[in-house]
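Here are a few exercises to work through with the model open on your screen. Try each task before you read the solution under it.

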Amino acid sequence: MATVLLPRSSLPLSPRSTVIGPLLASPAPNSRSSGCSGSLPVSSAFFGPLACPTSCRIAHRELSRTTSSSSSSSSTLLRRLLATSPRNNNLQCQHHHHHHRRRHFMISAPLLFIIAEGSNRSSLAKAETGTNSPLMNSSNSSKTVFVAGATGGTGKRIVKELLSKGFQVRAGVRDLQKAKAALPSSDNLEFVLADVTQSVELLAKAIGGVDAVIVATGFRPSFDLLASWKVDNWGTRNVVDACKLNQVKKIVLVSSILVNGAAIGQLLNPVYIILNIFGLTLVAKLQAENYIRKSGIDYTIIRPGGLKNDPPSGNIFLSREDSIYEGAVSRDTVARVAVESVSTPEASYKVVELVEKSDAPAKHVQELFASVS
């Protein structure tokens with residue numbers, strides 16, 4: 001069963017989709033009929049006909065209204081349901097077919113499930129009213145994304161986000177056992193040994209055949225003053241060169257705000273000073289950014305504010321480069337924006353700065369990228 005996330009404004013229906021239509025009458029609890037059993041624990045439901053893949057139909061008396069899934073009014077009907085359905089309505093029906101197969105149908109506003117029946121297959125389309133829920137690209141399953149730094153704080157979240165969006169994921173790791181313990185088990189996830197500080201040739205073998213690369217590496221503070229340069233500068237350069245050898249079409253880099261602090265009057269900014277204590281980390285990141293810009297590869301460079309392990313606490317705020325001097329953002333949000341940038345045309349060849357703001361308007365990531373020039 002494939003899950004596709006649909007925004008309210010776009011509800012494409014396949015020719016064999018089952019449409020959930022409105023019901024004005026209040027359903028009787030525990031209504032039953034031949035071949036169907038279920039309960040309707042709601043005081044005011046909005047449940048329409050459910051077409052079974054076989055010749056039978058659910059025969060609840062309340063489900064008397066039939067709506068064609070191929071009619072032009074279907075999208076309008078569904079959008080109306082999303083806009084007006086009560087938040088606490090809950091309806092579930094279990095239908096037992098003569099082959100002992102079970103179909104589960106459930107509505108829990110503001111979520112709307114559309115059961116799309118194909119030949120011996122079913123797919124579940126989920127429509128969500130949240131304005132920050134972009135449409136899942138159905139072609140993601142044919143794309144493979146390599147993640148450098150896959151076991152890091154942000155890298156782990158990027159891997160999970162990619163998997164949730166249907167991508168094939170290749171996790172570049174230095175310790176296979178650690179990676180398998182830290183990352184989810186999935187048929188769409190493979191592990192490869194890849195250290196960005198190694199030779200370009202070894203990285204090229206690990207990256208070979210992917211469609212995009214997300215770089216989420218970061219050095220660990222140590223007494224080695226060159227550690228940040230080995231990872232955040234030379235390491236990123238190695239990844240870029242490996243991408244060139246494999247003709248990778250897209251690269252996404254997770255960098256940091258204030259990388260260009262010296263040029264924008266932020267030399268005395270405490271954040272700039274702290275982040276540069278261990279071997280001029282921000283300077284190393286800036287040089288890596290410049291190397292990507294000159295590579296000829298379609299890039300998106302994301303400069304997040306202070307990284308938090310907590311869940312998102314505000315709306316996404318994207319701005320042009322060198323415009324944000326403070327602020328924080330959840331690693332979950334960084335992962336989401338990084339993954340969306342892989343297949344968002346508006347993110348091409350852009351450097352954006354990212355924080356969360358409670359007063360920022362809630363918008364699609366695509367729209368946010370489009371607003372940054």
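## Getting your bearings

The protein chain in this predicted model has 9 helices and 16 strands. Of its 373 residues, 49% count as buried. Its accessible surface comes to about 18000 Å², and carbon and sulfur atoms hold 52% of that.

## Exercise 1: a lysine in its surroundings

Task: Is Lys 156 buried, partly exposed or exposed? Find out what it touches, too.

Solution: 

1. Locate Lys 156 in helix α2, which runs over residues 153-164.
2. Check the relative accessible area of Lys 156, which is 28%. Buried means under 20% and exposed means over 50%, so at 28% Lys 156 is partly exposed.
3. Leave out residues up to four places away in sequence, and Lys 156 touches Ala 150, Thr 151, Ala 182 and Leu 183.
4. Then compare sequence with space: Lys 156 and Asp 332 are 176 residues apart along the chain, yet their C-alpha atoms are 9.6 Å apart.
5. Zoom out to the whole chain: among contacts between residues at least 6 apart in sequence, 70% join residues at least 24 apart.

## Exercise 2: the largest pocket

Task: How much space lies in the largest pocket, and which residues and elements line it?

Solution: 

1. Start with the volume: the largest pocket holds about 1200 Å³ of space.
2. Count the lining, which has 48 residues; Ala 216, Thr 217, Gly 218, Phe 219 and Arg 220 lie nearest the centre.
3. Sort the lining by type, and you get 22 nonpolar, 15 polar and 11 charged residues.
4. Ask which elements supply at least two lining residues each: β7, α2, β8, α3, α5, α6, α7 and β13.
5. Finish with the biggest contributor, α5, which gives 4 residues.

How values were computed: Residues are numbered from 1 along each chain as its sequence is written. This is a predicted model: local features need pLDDT of at least 70, side-chain atom pairs count only at pLDDT 80 or more; totals for chains, interfaces and linings use all residues. Side-chain values use heavy atoms; hydrogens and water are left out. Buried means under 20% relative accessible area, exposed over 50%, partly exposed in between (1.4 Å probe, protein chains only). Contact means heavy atoms within 4.5 Å. On a 1 Å grid over the protein atoms alone, a cavity is a set of points where a 1.4 Å probe fits but cannot get out, and a pocket is an open set with protein on both sides within 12 Å along at least five of seven lines; lining residues have an atom within 4 Å of a point. Grid points are joined across faces, edges and corners, and a volume is the space filled by probe spheres set on the points. Ala, Val, Leu, Ile, Met, Phe, Trp, Tyr, Cys and Pro count as nonpolar, Asp, Glu, Lys and Arg as charged, and the others, Gly among them, as polar. Accessible areas come from the Shrake-Rupley method with a 1.4 Å probe; for residues, only the protein chains shown count as cover.
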